[in-house]
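Colleague: Before we go through the terms, please show me the model.

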Amino acid sequence: MTATALDTPPAGPGDKPPAGRGAARKRRRTGRGRVRRGALPYLLLLPALLLELLIHLVPMAVGVVMSFKELTQHYIRDWGAAPWTGLDNFRIAVDFDAPVGEALLRSFFITCAFTVLAVGLSWLLGVTAAILMQDAFRGRGLLRALFLTPYALPVYTAVITWSFMLQRDNGLVNHVLHDQLGLTDQPTFWLIGDNAFVSLVVVSVWRTWPFAFLVLTAALQNIPREVYEASAIDGAGIWQQIRRITLPSLRPVNQVLVLVLFLWTFNDFNVPYILFGKSAPESADIISIHIYQSSFVTWNFGAGSAMSVLLLLFLLVVTAGYLLLTSRGRKAARA
């Protein structure tokens, strides 16, 4: 007599489940484990994303809304009740024949000159120091630590120290240049007049070049020493090695470094504010201080917000153009 499914005894409590059912349960558990492992990185990033949203994106959105309002001192307590002006704040800011637009344009050109000098000198000092510190010698660790000191100091401590050093009557700079070396006929005003721009560039370079040095020093560690040894055997001198090996190898790092230094310097507010206070001299009236004065000194927050939005758009355009040009350069180099 042939056995049928009805003849199969029911599974007891101690019996194992069929192989097909166990495999399905195992696949479900494996799938849930993969989902948990896949969601873990996003859960770890969630606090940082929330903080980024609260600290940067929300104030940015509020600033954009404020740029379309006639927000003056009369509406500070209830800025939501300020009347809408549309694009009037932007028209005033870009009307370069009017006093407001003319002052903004002048501040923009001063900021561009300041950024070019500060970024260029910071990069030049950084790459020079990184190349000189590449070979091992006695005291190299101490020199590296000293080079990184300006970057490690808090910005307020460093810039306040510079403000004391640049004082006309009792500052260290005039004491050395005028009293000891006799290079000037009389003590120089470093924090007012045209010399304020020079002081701002010097302090900014002193603050930022150690970062360039740190990044380029790390990048130089990835260049094999055998390449330099082979080039030396072929008769290449130090300048040829720098031109043919070092700088081409540092090109990807330099592209990112220059962009970061540009954004930091163009947006810098702490250094000029601590150095000069609320009202910077005309020669050092960079755009961050200019926007601050337009907002918190004249109490025209709508115009200041419009200027901030224009600055944001300018930086976005420059950054996008820079990334596009560098990406095309990398593709052309690979081809």
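Modeller: A helix here is a DSSP run of H or I with at least four residues, a strand is a run of E with at least two, and both are numbered from the N terminus. Helix α6 covers residues 172-180, and after α6 comes Gly182, which has a positive phi near 65 degrees. The model is predicted, so local features need pLDDT of at least 70 and side-chain atom pairs pLDDT 80 or more, while totals for chains, interfaces and linings use all residues. Residues are numbered from 1 along each chain as its sequence is written, and side-chain values use heavy atoms, without hydrogens and water.

Colleague: Why is Asn254 called buried?

Modeller: Buried means under 20% relative accessible area, exposed over 50% and partly exposed in between, with a 1.4 Å probe and protein chains only. Asn254 has 11%, so the residue counts as buried. Asn254 lies in helix α9 and, apart from neighbours within four places in sequence, contacts Trp123, Leu216 and Tyr322.

Colleague: What makes the buried residues of α6 line one face?

Modeller: They are Val173, Asn174 and His178. Viewed along the axis of α6, they fall within an arc of 85 degrees (taken from the directions from the helix axis to the C-beta atoms), so they line one face. That buried set packs against α5, whereas Asp179 and Gln180 are exposed on the face turned away.

Colleague: What describes the packing of α5 and α7?

Modeller: An angle of about 145 degrees and axes 11 Å apart, for α5 (residues 155-165) and α7 (residues 195-220). Axes are lines fitted to C-alpha atoms over the stretch in contact, and angles between N-to-C directions run from 0 to 180 degrees. The contact involves Val155, Ala158, Val159 and Trp162 of α5 with Val202, Val203, Trp206 and Arg207 of α7.

Colleague: How many residues of each class does the contact of α5 with α7 have?

Modeller: Seven are nonpolar, none polar and one charged. Ala, Val, Leu, Ile, Met, Phe, Trp, Tyr, Cys and Pro count as nonpolar, Asp, Glu, Lys and Arg as charged, and the others, Gly among them, as polar.

Notes
Contact means heavy atoms within 4.5 Å.
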